[in-house]
Amino acid sequence: MIQAENLTKVYKIPEKDPGVAGAVKALFRPRYKAKPAVTDVSFTVEPGEIVGYIGVNGAGKSTTIKMLTGILVPTAGQVRVLGRDPHRDRVANARDIGVVFGQRTQLWWDLALIESLTMVGRIYEVPDARFKQLMDEFAETLELKELLKIPIRNMSLGQKMRAELAATLIHEPRIVYLDEPTIGLDLLVKERIRAFIKRVNQENGTTVILTTHDLGDIEELCKRVLIIDNGALIYDGPLATIKDRFGKYREITFETAADLNGLALPDGAELLEKEERKLSLRFDRTQTSASRVSAAIMSQIEVLDLSLKEPDLSMIVKQIYLGGLKNDKPGVESSPVISQAI
Ligand SMILES: Nc1ncnc2c1ncn2[C@@H]1O[C@H](COP(=O)(O)OP(=O)(O)OP(=O)(O)O)[C@@H](O)[C@H]1O
């Protein structure tokens, strides 16, 4: 459905010497500096997938999306969307895609939402009966009913995003590109938007490419993620694999009936925190298990309560952004923890 092959974008940034002389010189003999933004990125996306595209600020996400949507022409490599070149065939391509840029609106600022949506429907030649049917559906799933008469300029951020999604999907595109669709929204609106995206994907088989810094979006919506770092793709695969690979640490906390002094640290566990009768340990689950660690503690002291904490995705992704994938060579285990007294 989407094929990116060695996709590369190098921006040309004009350079000029300081002052008026520099400006005049630049006018007659412009000089440019090359700024590589995306380098040799290849991937394919199958129909009906929801793919999360993540990376730090400036990693090259928006540039990639702009090439996929046909807004930008790649410097090298090629992209095919539904068999077309999205830039050369941009009119045909536009019928099959929808794009939401979280911080920009594609709607008419002064028009009431219903007028904006009607315009979009006409532009895309959505048949009247289908338009009405979709409007009823969106009114319910995106809770748009009370917004239809309000101009975009008077809407809150969350209302605007719901309106934006309706406008993007009213022509039932086969692919939607969502760039930060939940940015700045409160948790409730985020949840509503995620549920809507999920529903559109499940019911219509719409393919979704999602760039976001919100890992809640990724966790709720994407089975597969692409990670871009400094313009290069460093990971393409299941979210579950990343979690497995990087989420090998668990935290376990014990509340004990007596003071902890003199307790031996279980094999494969590290001390995180210790209070009088409370102990937090971290262990690598590829080396030991929660039951072994807790058995080792329970054999030494009466335990009143215990809790196990799963690694959270934001910690894992931070580790990857900090170079974790580059250092993560298969077969290399973390250094073993030597048994010691707590
Ligand atoms: N029009 C442009 N001209 C020159 N350089 C650009 C242009 N657009 C982006 N860049 C640079 O290209 C690199 C990639 O930018 P891009 O916007 O694709 O990153 P991003 O991953 O989307 O970042 P963010 O998460 O902040 O949106 C950055 O170094 C950016 O400064």
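Across the interface of domain 1 and domain 2, the rule finds zero salt bridges, a salt bridge being a side-chain nitrogen of Lys or Arg within 4 Å of a carboxyl oxygen of Asp or Glu. This is a predicted model, in which local features need pLDDT of at least 70 and side-chain atom pairs count only at pLDDT 80 or more, while totals for chains, interfaces and linings use all residues. Residues are numbered from 1 along each chain as its sequence is written, and side-chain values use heavy atoms, with hydrogens and water left out.

The two parts are domain 1 (2-243) and domain 2 (248-322) of the protein chain, with bounds that come from an automatic or database domain assignment. Their C-alpha centres lie 42 Å apart. Eleven residues of domain 1 are in contact with eight residues of domain 2, where contact means heavy atoms within 4.5 Å. Between them the domains bury about 820 Å², 79% of it on carbon and sulfur atoms; buried area is the accessible area (1.4 Å probe) that two parts lose on being put together, summed over both. On the domain 1 side, Leu215, Ile242 and Lys243 lose the most area to domain 2, together 50% of what that side buries.

By the salt-bridge rule, the count comes to 18. One of them joins the side chains of Arg84 and Asp96 (2.9 Å, N to O). Arg84 lies in the loop between β4 (76-81) and α3 (90-96) and Asp96 in helix α3, so the pair ties together parts that are twelve residues apart in sequence. Helices (H or I, at least four residues) and strands (E, at least two) are DSSP runs, numbered from the N terminus.

On a 1 Å grid over the protein atoms alone, a cavity is a set of points where a 1.4 Å probe fits but cannot get out, and a pocket is an open set with protein on both sides within 12 Å along at least five of seven lines; lining residues have an atom within 4 Å of a point. Grid points are joined across faces, edges and corners, and a volume is the space filled by probe spheres set on the points.

The largest pocket holds about 340 Å³ of space. Of its 14 lining residues, Tyr249, Glu251, Arg282, Pro311 and Met315 are the closest to its centre. Helix α11 (313-327) and strand β10 (249-256) each supply at least two residues of this lining, and the largest share, four residues, comes from α11. By class, the pocket lining has five nonpolar, two polar and seven charged residues. Here Ala, Val, Leu, Ile, Met, Phe, Trp, Tyr, Cys and Pro count as nonpolar, Asp, Glu, Lys and Arg as charged, and the others, Gly among them, as polar.

A search of the whole structure finds one cavity of 30 Å³ or more. The largest cavity has a volume of about 40 Å³.
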